[in-house]
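I opened this notebook to record what I looked up in the structure, entry by entry.

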Amino acid sequence: MAVFILIVSLKLMSAVSGIDFEDMYPSDDQLMGPTLDGSSPVIFFNFPFFNNFYDTIYVNNNGHLTFNSQYWQYIPQSLPLSDNTPLIAVFWMDVDTRSTGQVWYKLSNDSALLSRAKADITAYFDLQTSFQPTSVFTATWLDVPYWQAAGDDRTKRNTFQVVLVTDGSTSFAMFHYQKIEWAGYANNITKAVVGFNAGDTLNSFTVNNSDYTDVINLEQRSNTGVPGKFIFRVDGTTIEAASGSELTKQYCCHDQCSRFLK
Ligand SMILES: [Ca+2]
């Protein structure tokens, strides 16, 4: 009996995951080639971010998006950055897709997808009931390993996604964490960074603030009530978190101020 319980327990433990894969958005359009620190070519996409308007975006292999140029930096940095790079860190760590794992992205104005995005946004932002998105940009890191993973870590994979939604003046970012099995190098001292950087060296918002445990458990956390699903409004001076059930306990915004949400 004890063995049976142990087996069941192990299966339950291994089944822990974040947002269901079928609840992620489609991104099956452009596939980035195998790369260590490469980026997509320029993608023309109008997106308001931290009181600025950008008309280009890049998907970078190491778990981030940038607006003005490709960005190869593989070592996650504390936010705000000191180098004037506006950046969305979905899961900033040293991804390596040279032998396995894929990074996909897709820009769409498909009406069904826009309706789905509108429903997602208006479910959590009370003042956005009239919001009519005009485009959705999705990037997905699918079963990606990290650079020089050794030992047991060689089989660990992460699957996560960012969905950008905008009507041209108001904009939102959804983070979807389906499976997070690694969050740093073997020593776990360098950990993934998740958040938003305005690029003015002053304004930023960091989702995971404290330690390795925070970021390795992102798939079970949320600001929407759905494990592994976060939504933020990102067009203004400050980042606004979704008003759903707060499963994530710690946030950080604007330098080092931190606050607990419920
Ligand atoms: Ca890399």
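How many bridges join E3 to strand E4 (residues 64-66)? I found three, and the two strands run antiparallel. I noted that strands pair if DSSP finds at least two bridges between them.

On the source: this is a predicted model, in which local features need pLDDT of at least 70, side-chain atom pairs count only at pLDDT 80 or more, and totals for chains, interfaces and linings use all residues. Residues are numbered from 1 along each chain as its sequence is written.

Overall, I recorded three helices and 15 strands in the protein chain; helices (H or I, at least four residues) and strands (E, at least two) are DSSP runs numbered from the N terminus.

I then returned to the hairpin of E3 and E4, which has three residues between the strands. Gly63 in its turn has a positive phi of about 85 degrees, and Val59 has Leu65 in E4 as its bridge partner.

Next I looked up strand E2 (residues 43-49), which five bridges join to E3 (residues 52-60) in an antiparallel arrangement. Phe47 has Tyr54 in E3 as its bridge partner. Two residues lie between the strands of this hairpin, where Phe50 takes a positive phi near 50 degrees.

Lastly, I examined burial (20 or more other C-beta atoms within 10 Å of a residue's own, C-beta atoms being placed from the backbone). Of the 262 residues of the protein chain, 44% count as buried.

I also looked up contacts (C-beta atoms, placed from the backbone, within 7 Å). Residues 24 or more positions apart account for 63% of the chain's contacts with a separation of 6 or more.

Notes
Buried ≥ 20, exposed ≤ 12 C-beta atoms within 10 Å, placed from the backbone. Contact = placed C-beta atoms within 7 Å.
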